[in-house]
Amino acid sequence: MTILLFGFALLLSPFWVGKAQAANVNFSLEAWVYPSTSVASKAVIVKNNELRMFTDDSGYLVCQIHNGSSWQLGATSSAALSLSAWQFVGCAYDGVNLRVF
């Protein structure tokens, strides 16, 4: 499925985390993105108040888990996304470590 949202074209594979808080389950989020406008402060994948993958003000990919009262366990990429190029982005949590790729 391809979705164009806020200047990002997303190719998404289905994923499911369920009703449990994301901090209590292992998961991975993955998307192909093609930023055609600014990469700053854009949502890539968001699931209610459980988990989210987005870009910060500088275009770096950030992944966070919500603990029930606030966003926690953030991981940030080492490079910003590029404009006008397909990029595979992802976030994985193994119950202990959260990482972006």
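Thr55 is located in strand β5, where strands (E, at least two residues) and helices (H or I, at least four) are DSSP runs numbered from the N terminus. The model is predicted, so that local features require pLDDT of at least 70 and side-chain atom pairs pLDDT 80 or more, whereas totals for chains, interfaces and linings use all residues. Residues are numbered from 1 along each chain as its sequence is written, and side-chain values use heavy atoms, with hydrogens and water left out.

With a relative accessible area of 1%, Thr55 is buried; buried denotes under 20% relative accessible area, exposed over 50%, and partly exposed the range in between (1.4 Å probe, protein chains only). The side chain of Thr55 reaches the backbone oxygen of Val39 at 2.4 Å. Polar contacts are pairs of N or O atoms within 3.5 Å; within protein, one atom must be able to donate a hydrogen and the other to accept it, and residues adjacent in sequence count only if both atoms are side-chain atoms.

Thr55 is also among the residues in contact with Leu61, contact being defined as heavy atoms within 4.5 Å. Leu61 belongs to strand β6 and is buried, its relative accessible area being 2%. For Leu61 and Ser77, a C-alpha to C-alpha distance of 5.2 Å accompanies a separation of 16 residues in sequence.

The largest nonpolar core contains 19 residues, of which Phe27, Leu29, Val44, Met53, Val89, Cys91 and Leu98 touch the most other members. Such a core is a set of buried Ala, Val, Leu, Ile, Met, Phe, Trp, Tyr and Cys residues joined through side-chain atoms within 4.5 Å. At least two residues of this core are supplied by each of β3 (27–33), β4 (43–47), β5 (51–55), β6 (60–66), β8 and β9 (98–100). Strand β3 provides the largest share, four residues.

One disulfide is found in a search of the whole structure, the criterion being a pair of cysteine sulfur atoms within 2.5 Å. The disulfide joins Cys63 and Cys91, with the sulfur atoms 1.9 Å apart. Because the torsion about the S-S bond of Cys63 and Cys91 is about -75 degrees, the disulfide is left-handed. Cys63 lies in strand β6 and Cys91 in strand β8, so the pair ties together parts that are 28 residues apart in sequence. Cys63 is buried at 0% relative accessibility, and Cys91 is likewise buried, with a relative accessible area of 0%.

Strand β8 (residues 87–93) also contains Gln87, which counts as buried at 15% relative accessibility. A polar atom of the Gln87 side chain lies 2.7 Å from the backbone nitrogen of Ser82, and the side chain of Gln87 reaches the backbone oxygen of Ala85 at 2.8 Å. Apart from neighbours within four places in sequence, Gln87 is in contact with Ala31, Trp32, Val33, Pro35, Leu81 and Ser82.

Aromatic pairs number four, the rule being that rings of Phe, Tyr and Trp (its six-membered ring) pair if their centres lie within 6.5 Å, with planes under 30 degrees apart counted as stacked, over 60 as edge-to-face and the rest as tilted. One of these pairs, Tyr34 and Trp86, is tilted, at 5.3 Å centre to centre and 50 degrees between the planes. Tyr34 lies in the loop between β3 and β4 and Trp86 in the loop between β7 (71–80) and β8, so the pair ties together parts that are 52 residues apart in sequence. Tyr34 is partly exposed at 29% relative accessibility, as is Trp86, with a relative accessible area of 44%.

The rings of Phe88 and Phe101 have centres 6.2 Å apart and planes at 35 degrees, so this pair is tilted. Phe88 in strand β8 and Phe101 in the segment after β9 are 13 residues apart, and their pair links distant parts of the chain. Phe88 counts as partly exposed at 36% relative accessibility, and Phe101 counts as partly exposed at 35%. Together with Trp32, Phe88 and Phe101 are linked by ring pairs into a cluster.

A further ring, that of Trp71, has the charged end of Arg52 sitting over it, 4.0 Å from the ring centre. For this assignment, NZ of Lys or CZ of Arg must be within 6 Å of the ring centre and within 35 degrees of the ring normal.
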